[in-house]
Amino acid sequence: MDDNDIFEMDSVADTEEMEADTELGMIDDEVVYPQEFLPTYGTIKEGATVAKAQLVEFNDKPDSLFFNDGVRRIDFILVHEDEDKKDFEKRHTFQRRKRRREYFEASLMKMGLELEATQSVINEKLLFVKVHMPWEVLCTYAEVLHIKVPIQPNDLSCRPSPWRYLSFLTKHFYPSEELITKEAEYFTAAFEKNRLDYFYIKDKDAFFTPSMRSRMAYYILSRAPYEIRGNIKKFGITKLLDGGVYKAAYPLHDCRFNVKSKEDSCPNERYLLYQEWANPKSFYKMQPLDLIRKYYGEKIGIYFAWLGFYTIMLALAAAVGLGCFIYGYRTQDTSTWSKEVCDPEIGGQIVMCPQCDRECKYWRLNSTCEASKKLCIFDNFGTLVFAVFMSIWVTLFLEFWKRYQAELEYEWDTVEFLEQEEPPRPEYEAKCIYERKNPVTGVKETVPYTACGRCFRVSLGIGTVVFWIFLILASIVAIIVYRLAVFFAFSAKLRTQDLRELEPLKEYVTPQMATSVTASLISFVVIMILNILYERVAIWITDFELPRTKTDYENSLTLKMFLFQFVNYYSSCFYIAFVKGKAVGYPGDPVYLLGKYRNEECDPGGCLIELTTQLSIIMGGKAIWNNIQEVLLPWLKNLIFRYFTRVTSQKVIPRWEQDYELQPVSQLGLFYEYLEMVIQFGFVTLFVASFPLAPVLALVNNLFEIRVDAWKITTQFRRVVPEKAQHIGAWQPILGGIAILAVATNAMIIAFTSDMIPRLVYYWSFSVYPYGNYSNHTMQGYINSSLSIFNTSDFSDESKPMYMYNITTCRYRDFRYPPGHPRQYEYNVYYWHVIAAKMAFIIVVEHIVYFTKFVLSYIIPDVPYTVKEQIKREKYLTQVILHETNLKLVTKRLKPISEETLKDTAMKMAMEELNPDF
């Protein structure tokens, strides 16, 4: 290789003219890329004759996972069209693709891979190239990727399970041990090619699992060159797929999901996963996580482990939430203040002031009777207990997940999976043109940008995210304006005495409820539209930032997407909980938004029921939409594809062609699964004080979600390229941030959104002397005490109702002095008592809960003691075996001194003594 050689990632829209453009995004040959990351790399000179993959006929073995010789295992499949069979007028446009493909395949063979091509059984224009990695190549790249392999069986005794005495019951909730046997446990170490003797190798063919082999094959495919033009080298299977050179690239499933393979050597892991995991009949069983990890890799395994653990923990929260809901439902008819609202002699005699200007009419308080009863279900003392419980629950969930994650890290050999072990992304390598000294190794390396360039890229990303967040806030303001405008129309129509056309719903349909439901539906639609648009922008910005590794890329995209989704999904809930009804003034001096729209008020019972409605619509709508996307769309796409490629005769279809008919896996597919669950986690924790049934809905959704994701990934998609992962990545601190924020939001919902604090202040202070007329603490008279009086003659000309009905006074929701008082319409002493009680409540509850969270975090260790012991034992064994291996190597290199050599040396020394003059 020449010192001036340059690597370049080709663009998607690759044309002949673009080759003359500036060589943007290149890395110099001196970078450690070819030697360190591709030890078998070898340059094919420009214009040289390239080797081609051997073309063979299909051997009529539909379940075969090997080349035609039955010995070499297929590690990857490449699919392309036969360019020579294209129409004559189009053929010349495909010759460039053919040259690139042939050079790419020749590069793979020069790097040690073995290829075999087979024509499609269904479509004669398609060719399937099978890729095999020989033992030497496997050993080389296992060392490059730091793949951990067994060195010795695990000799530490396992602690018996505390549930072993109930095994006769629990065994029915676990996968069948007859089908999925427990694998032997080993101590492991990173593979080293020159120390094969100290690894536990029984069978070379089975030493590296199929998922390991696929991972190594994809590593080479992502970095193999496909074109040389002068000193420019273009490389990577990703760009060949984008440019249409290849139609697909994927590892093979080992069998059909619902039929066992006829090959004796096939482990049928896909079939076992479907039977014991992805089949809807197995919804009640625990997940076979070890088999999931073995088949799909650690990254998929850790996601399903987290989702399963989250679902199990939700069961406890759902049980307590359901108990809180039942308590509220059973006590709704015994609520004193709700009875007063519905009482014709109390609520029926209270005339409420119009809630909008001119068009709105006076209305009776008892028209909100049913809404007040429903509010009692969620706004009660049980909700307070549940909100505090959920703050503790979320801490326990995160702490116990850390422990469980530590166990998985050890069992799945990711304890020492460091960032340095993760190779750079090909897109990053392709644009490295600036030299710098690595601060860790001290070796010269190249990077794709200077410090100023990186600052510019990051600043552009931050600016874009902030712009879109402001766009969301603008849409929220638009929805608020809609709420204000449509509320006038609903108030004018729904406050009339004659609502026969709404029978039997007239008791439930209030202006606030009608406005809330329609606004929630519109908000949901806006959320979904903005999601689709922002998703593309976030990916583009992250691509522009050029993160070094795939983990860095996903973490950067995760932060951008979550910040956007947080504002997008939760902003409407924050508005209802903490803004609506908080700054409305009073009927004689209302507050206007934009100087035109009068701020909307809450129902006499508060805005809590509206927040509950908003949460239920968004959570329910989001779950339905996601399931349609995850289940219906892939199934329909596969059905349509099979219809257009159906085989008329009963042909035998090979394994690789069956997989080609499945849906391709998105590079960010798992990212969206995490995002969906974390957004749900936010709904369950941030606003649970207003909706105790949120954990129940989340639990039901997750029980379906696990099986839907399992069914989708096992039956509808091609096999995922296995990836290494130590933990759930950037989602872990995001969950921690939500948990901290949840304490504040729930305390503020109870204080400012619900009516609990005003009721408690009335019960303990204002129902008895000196403020009240009752001798004992009671809730009687609360409604009258919580509604202020307004003189209708004090209406301004802009807000005066068109129809007065000879009404002299009306009531409104606030704590103000009545007309005629020296401080009329100013806040009264009740108001200041309530404000003080709310602030005291927030401070006390937050400090108690945060202290409890801190104590729990401290006393629950992140890594179990047994796991620490096993990690220490493994490190000790690795050092001992490594030392013995080095000692043996040194001993072999030192030749032993024979007795004859010693005798000859002694005789020479004796002769020298006898003949000193010699």
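1. A nonpolar core is a set of buried Ala, Val, Leu, Ile, Met, Phe, Trp, Tyr and Cys residues joined through side-chain atoms within 4.5 Å. Buried means under 20% relative accessible area, exposed over 50%, and partly exposed in between, with a 1.4 Å probe and protein chains only. The largest such core here has 153 residues, and W306 and Y310 have the most contacts inside it. Helix α10 gives the most to this core, with 14 residues.

2. The model is predicted: local features need pLDDT of at least 70, side-chain atom pairs count only at pLDDT 80 or more, and totals for chains, interfaces and linings use all residues. Residues are numbered from 1 along each chain as its sequence is written, and side-chain values use heavy atoms, with hydrogens and water left out.

3. On the overall make-up, the protein has 27 helices and 21 strands. These are DSSP runs numbered from the N terminus, helices being H or I of at least four residues and strands E of at least two. Of its 918 residues, 52% count as buried. Taking a contact as heavy atoms within 4.5 Å, residues 24 or more positions apart account for 77% of the contacts with a separation of 6 or more.

4. Y310, already named for the largest core, touches W393, F397, M677, Q680, F681, V684 and N702, leaving aside residues up to four places away in sequence. Apart from that core lies another, of 50 residues, which includes L113, L138, Y198 and V721.

5. Rings of Phe, Tyr and Trp (its six-membered ring) pair if their centres lie within 6.5 Å; planes under 30 degrees apart count as stacked, over 60 as edge-to-face and the rest as tilted. By this rule there are 63 aromatic pairs. F309 and F397 are stacked, because their ring centres are 5.9 Å apart and their planes are at 25°. F309 is in helix α10 (residues 298-331) and F397 in helix α13 (residues 381-411), so this pair ties together parts 88 residues apart in sequence. Both F309 and F397 are buried.

6. W468 and F564 give an edge-to-face pair, 6.2 Å centre to centre with 70° between the planes. W468 belongs to helix α15 (residues 451-494) and F564 to helix α17 (residues 550-578), 96 residues apart. W468 and F564 are both buried.

7. Which ring lies under the charged end of R457? The ring is that of F544, with the charged end 4.7 Å from its centre. The rule asks for NZ of Lys or CZ of Arg within 6 Å of the ring centre and within 35 degrees of the ring normal. R816 likewise lies over the face of Y827, at 4.3 Å from the ring centre.

8. The structure holds 3 disulfides, a disulfide being a pair of cysteine sulfur atoms within 2.5 Å. One joins C342 to C369, S to S 1.9 Å. Another joins C353 to C810, S to S 1.8 Å; the torsion about its S-S bond is about 90°, so the disulfide is right-handed. C353 is in the loop between β12 (351-352) and β13 (363-364) and C810 in strand β21 (residues 809-813), 457 residues apart. The relative accessible area is 4% for C353 and 0% for C810. C356 and C360 form a disulfide with sulfur atoms 1.4 Å apart.

9. C452 counts as exposed, at 64% relative accessibility.
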